There are 2 protein chains.
Amino acid sequence: MADAETDPAQLIATMAAEARAAATTLARLPTETKRQGLHAAAAAIRAQADAILAANASDMARAETAGLSGALLDRLRLDPARLAAVADAVAVVAMLDDPVGQVIDARTRPNGLVLSRVRVPIGVIGIVYESRPNVTADAAALCVMSGNAAILRGGSEALASNRALHAAFVAGLEQGGLPRTAVQLVPTADRAAVGAMLAAAGLIDLIVPRGGKGLVARVQAEARVPVLAHLDGINHVYVHASADPAMAEAVVIDAKMRRTGVCGAMETLLIDRDFPRAAELVEALAATGCTVRGDAGVQALATVDPAAPADWDTEYLDAIASVALVEGVDGALAHIARHGSHHTDAIVAEDVAIAERFLAEADSAIVLWNASTQFADGGEFGLGAEIGIATGRLHARGPVALEGLTTYKWIGRGTGQVRG
Amino acid sequence: MADAETDPAQLIATMAAEARAAATTLARLPTETKRQGLHAAAAAIRAQADAILAANASDMARAETAGLSGALLDRLRLDPARLAAVADAVAVVAMLDDPVGQVIDARTRPNGLVLSRVRVPIGVIGIVYESRPNVTADAAALCVMSGNAAILRGGSEALASNRALHAAFVAGLEQGGLPRTAVQLVPTADRAAVGAMLAAAGLIDLIVPRGGKGLVARVQAEARVPVLAHLDGINHVYVHASADPAMAEAVVIDAKMRRTGVCGAMETLLIDRDFPRAAELVEALAATGCTVRGDAGVQALATVDPAAPADWDTEYLDAIASVALVEGVDGALAHIARHGSHHTDAIVAEDVAIAERFLAEADSAIVLWNASTQFADGGEFGLGAEIGIATGRLHARGPVALEGLTTYKWIGRGTGQVRG
């Protein structure tokens, strides 16, 4: 262990080998066994609440001494209600449909060979996250339910909390008959361990970063392992000329202001030049306390701050919106193609043909018609949970839950067929 | 163009921008338009056969002067029959089912939001290949039919052939109403252009290498763009004790000897210690002209060469097989887990429970029961064609055809839903 503790690559290689063995077991487990393990993990988190909260208190004390920001302290903090929610979330994942073993398609070839494509787990998934201890249990539950082994690496400021949560979780797994190596926590605060995970091609099959843009950017830039993530959520709402004004106002205000810090929040409002209530829409948005930064057209309609060129490429994650007037759906699509981040974009319109064009042509993981961008969420999509939202173009896009954590294999059953 | 010709990164960036614009058009095209374009491309290849064969003759002359090997010359060579087959293959792809627009799933949320997941093209696909000019048309046809733009980079020894084939292909596309920038050929023999393609994250969405292990290894090691490929096809046939001896012999001989140079060929034969006809099976394989390298157990049964440790990790692509005796299905699975390449592995058995265990637990893109590993092929799987076989764990596995060249987007249709 001395070597493993000092050499991050060796540490990760050892953990990944144990994870691979666990993944082989997990891949074969019946749904009921995985459910029992996760329910036992949820129960263990509840039973060990005192120890977890005490560990969290020690993390909080260190973080306060170190002068961490209020927002960071809030993310780090657990209390009995938050911890109960963590346990509940594990129990919710346990009740989701199990994608493993689902037959995606089946065909019988003219030679009698029966081919089917069957969902299987991906294998070993690395989760790299920041200060929120709840990710420890959330990500672990999603990985286990989808038959994958997890290697967790949380922020160093949450190490005591994560250790306590992890200890409870794996004690529950073991009680439910699952291998405790199914979920492993990187035991060191050494940042080089993250680099070792990102370099572990062939040992770790997928990395999911959970956290701010800095973390995701580092992971995407460095990783030799495939990454499932989104960097930006520069989301647009386009209000077409045919939009119902009241609906436009409700959707825009919800998209921007319901929660400004989430990745599904609207950052840019595109108003059609022919929308007759543009000034009222901008004023209604501003009246909610949102700072509006408008282009020249918007400045002519209402009293707003001027938008700088960088505004169109900025994810504020705050009560700020950039607003532009655009020329029809072509203008809106052109703006989104240039400035969007392929996350979530919405149109408000009564004109069905225009809406369908927008839905077809906006090149985003999620496109919405007459609905708020804040629906960009696995729970809201009926997936029950999510490991994150992906804006890449391969494997899985948008909210990723259990199915996105699986792949497939081809199974062929024959009677002695040779190709000849 | 002077800069672009001297700066590979600039050249690829320019081509990729044109490809992105073409991809946006291609993504919206009705199936019939894509079919017309591909049929016109096939017709243009036939019509321009003289020019293409003349260009190929000049490539061949240069290659002979340069002293290229016979195998390489054979891959490079086109003749009227081979060229007709290239055109036919394009026409076959044109008649495949179009995956774009297929609705993968649909759900209505309790709030009335109607969500669907719809297949869309990936975008811009880079194909890096070696001396086979037919890949130019094959890969282009698969990309266009799946709504993707293609950037092709073939081997420098085939540059004249590829230019002539590409010119015909895009002339056909244009005649069919498709943008000629849908399929672009890197116009330079500069190897740095490949490096620029592999580094073009965000510009090229996926790289598909087509060629030998050296090419694939370079692409996998260097690429910052996701890669769909397989490096090795170290495929196993496991003959269980319950196997029908005649079927085992037929499957093993086909898997090894039908074509020894294909990625689906068997490289290692695993014979159960309890299979009563092991000696006869080894002798039958040797009698076909296959060199057998056996472990100690096999050496005791028949006159064979001894296998060295490296044999179990070797893809011979030749009339050579390594053969080991194993202890039951556990022994076979352990050997495959240690030495396999996650490509194609088969079991021959009459015992259904054993066969199903093998199918479930062998961690390969393709697992087969009582059938030859040489079925590892998109055409044999009923996919009509293939861009290649993938052994990675994400996105697409096994033979990849049109569907593997698509991704999906989430479309939500609402009536003013806000998250509130």
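Colleague: How much helix and strand is there over residues 10-288 of chain A?
Modeller: That stretch is 52% helix and 16% strand, and its end C-alpha atoms lie 53 Å apart. Helices (H or I, at least four residues) and strands (E, at least two) are DSSP runs, numbered from the N terminus.

Colleague: Which feature does UniProt place there?
Modeller: The unreviewed UniProt entry puts "domain: Aldehyde dehydrogenase" at residues 10-288 of chain A. UniProt positions follow the numbering used here, feature names are shortened, and annotations may be inferred rather than shown by experiment.

Colleague: What should I know about the model itself?
Modeller: It is predicted: local features need pLDDT of at least 70 and side-chain atom pairs pLDDT 80 or more, while totals for chains, interfaces and linings use all residues. Residues count from 1 along each chain as its sequence is written, chains are lettered from A and ligands numbered from 1 in written order, and side-chain values use heavy atoms, without hydrogens and water.

Colleague: On to packing. How many residues are in the largest nonpolar core?
Modeller: It has 122 residues. Among those with the most contacts inside it are Leu38(A), Phe169(A) and Val237(A). Helix 7 (residues 134-145) of chain A gives the largest share, nine residues. A core here is a set of buried Ala, Val, Leu, Ile, Met, Phe, Trp, Tyr and Cys residues joined through side-chain atoms within 4.5 Å. Buried is under 20% relative accessible area, exposed over 50%, partly exposed in between (1.4 Å probe, protein chains only).

Colleague: What is Val237(A) in contact with?
Modeller: Beyond its neighbours within four places in sequence, its partners include Val251(A), Met266(A), Leu269(A), Val348(A) and Thr373(A). Contact means heavy atoms within 4.5 Å. Another core, of 121 residues, lies apart from the largest one and includes Ala22(B) and Leu285(B).

Colleague: Now the interface. How many residues of chain B are in contact with chain A?
Modeller: 68, and they touch 68 residues of chain A. The buried area is about 5,700 Å², with carbon and sulfur atoms giving 49%. That is the accessible area (1.4 Å probe) the two parts lose on being put together, summed over both. In chain B, Arg393(B), Trp410(B) and Arg419(B) lose the most, together 14% of what that side buries.

Colleague: How many salt bridges does the rule find across it?
Modeller: 10. A salt bridge needs a Lys or Arg side-chain nitrogen within 4 Å of an Asp or Glu carboxyl oxygen. One joins Asp205(B) and Arg393(A), at 4.0 Å from N to O. Strand 16 (406-417) of chain B gives the most to the side of chain B touching chain A, with 11 residues.

Colleague: And how many salt bridges over all chains?
Modeller: 52. In one of them, Asp205(A) pairs with Arg20(A), with the closest N and O atoms 2.9 Å apart.

Colleague: Which parts does that pair tie together?
Modeller: Asp205(A) sits in the loop between helix 9 (192-198) and strand 6 (206-210), and Arg20(A) in helix 2 (residues 8-28), so the link joins parts 185 residues apart in sequence. Asp205(A) is buried, at 9% relative accessibility. Arg20(A) is partly exposed, at 25%.

Colleague: Where do Arg218(B) and Glu222(B) lie?
Modeller: Both are in helix 10 of chain B; they are four residues apart, so about one helical turn separates them. Arg218(B) is partly exposed at 22%, and Glu222(B) is partly exposed at 37%.
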